[in-house]
Amino acid sequence: MSTEAPAAGPSPARSSGPAGTTAVPASGGTALALHRPASSRVHDHLLGGKDNYAADRDLARQVLDVLPQAADAARDGRAFLARAVRACAERGIRQFLDLGCGLPAGDNLHQMAARHAAGPRVVYVDADPLVIAHARALLVEGGNIAALHADLRDPAAILAAPQVRRLIDPAEPVALVFSSVLHLLPDPLVPLAALGAAAPPGSALVVSHATADHAPAAVAEAARRYAAAGAGPLLPRGVREIERLFGPFTPLPPGLVPAGRWRAGTPPSADGAAILYAGVGVRS
């Protein structure tokens, strides 16, 4: 769930101890700087995952100090994704682009889709090479799932990638999934416009996005700490700004709402979703 390219440099051996190391090898002769937190690994820690390092855990603790509902919001966002994938499958969508997919979780998009549709086709896309390495090792099963190392800010490269051309039929509806990633982009309209224009009628747009509408001071301080730690920008947006991101996609009921309330059988036990809006739009 990252939009930054890895830092170039030497590739010392990886260490998974609490102190971590400065870098680990990545494909293509690059190195991952593990002394700096990464958005995908911070999110993994908030979800209770184990694919994170000392710098990621430290930033997560800094965020939770001022925004204790951040972990609830991360879990609400994941639960929303499962409900959104079901809604897409029930509309006949069988192919999914998981854009800014983040690290594998206990329940991943292709598994969610398979519960409601036969033979779903999924391409996981992320700019973080560590995310893609994990995805290729843990998620790619058979011929219907692929992992693509690509930057969301280059939608043309995504659409032209062999993995996408092989699995995503441009004549069939597709679900474009942006799960807790657009608030990492200064201009999310660029990939949304390009990818949305390539999506045929019947396609869906799945979005969960951070907001400061309900806790402006706390979210602003969390964003400041995020940037100061070197994890990149965290850019929460208001409900009207996020609604504009849907463009030609018409939101399904109940519209854009806190993630824990989107078609949930019961209201969330905590109000963590107040910092995360979510919705699904369809293209007619």
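This dialogue works through several features of one predicted model.

Student: Is Leu59 buried or exposed?

Tutor: Buried means under 20% relative accessible area, exposed over 50%, and partly exposed in between, with a 1.4 Å probe and protein chains only. Leu59 has 1% relative accessibility and therefore counts as buried; its place is in helix H2 (residues 54-66), where helices (H or I, at least four residues) and strands (E, at least two) are DSSP runs numbered from the N terminus.

Student: Which residues does Leu59 touch?

Tutor: Contact means heavy atoms within 4.5 Å. Not counting residues up to four places away in sequence, Leu59 touches Pro37, Val42, Arg225, Tyr226, Ala229 and Ala231; Val42 is itself one of the buried residues of H1, a helix (residues 39-46) in which seven of eight residues are buried.

Student: How many residues has the largest nonpolar core?

Tutor: A nonpolar core is a set of buried Ala, Val, Leu, Ile, Met, Phe, Trp, Tyr and Cys residues joined through side-chain atoms within 4.5 Å. The largest has 81 residues, and those with the most contacts inside it include Phe96, Leu99 and Phe178. Helix H3 (residues 70-90) gives the largest share of this core, 10 residues. Leaving aside neighbours within four places in sequence, Phe178 is in contact with residues including Leu99, Leu152 and Leu192.

Student: What lines the largest pocket?

Tutor: Rolling a probe the size of a water molecule over the atoms shows where empty space is left. On a 1 Å grid over the protein atoms alone, a pocket is an open set of points where a 1.4 Å probe fits, with protein on both sides within 12 Å along at least five of seven lines, and lining residues have an atom within 4 Å of a point. Here 15 residues line the largest pocket, with Leu159, Val164, Ile168, Pro170 and Ala198 nearest its centre. The elements giving two or more residues to that lining are strand E3 (95-99), helix H7 (162-167) and helix H8 (189-198).

How values were computed:
Residues are numbered from 1 along each chain as its sequence is written. This is a predicted model: local features need pLDDT of at least 70, side-chain atom pairs count only at pLDDT 80 or more; totals for chains, interfaces and linings use all residues. Side-chain values use heavy atoms; hydrogens and water are left out.
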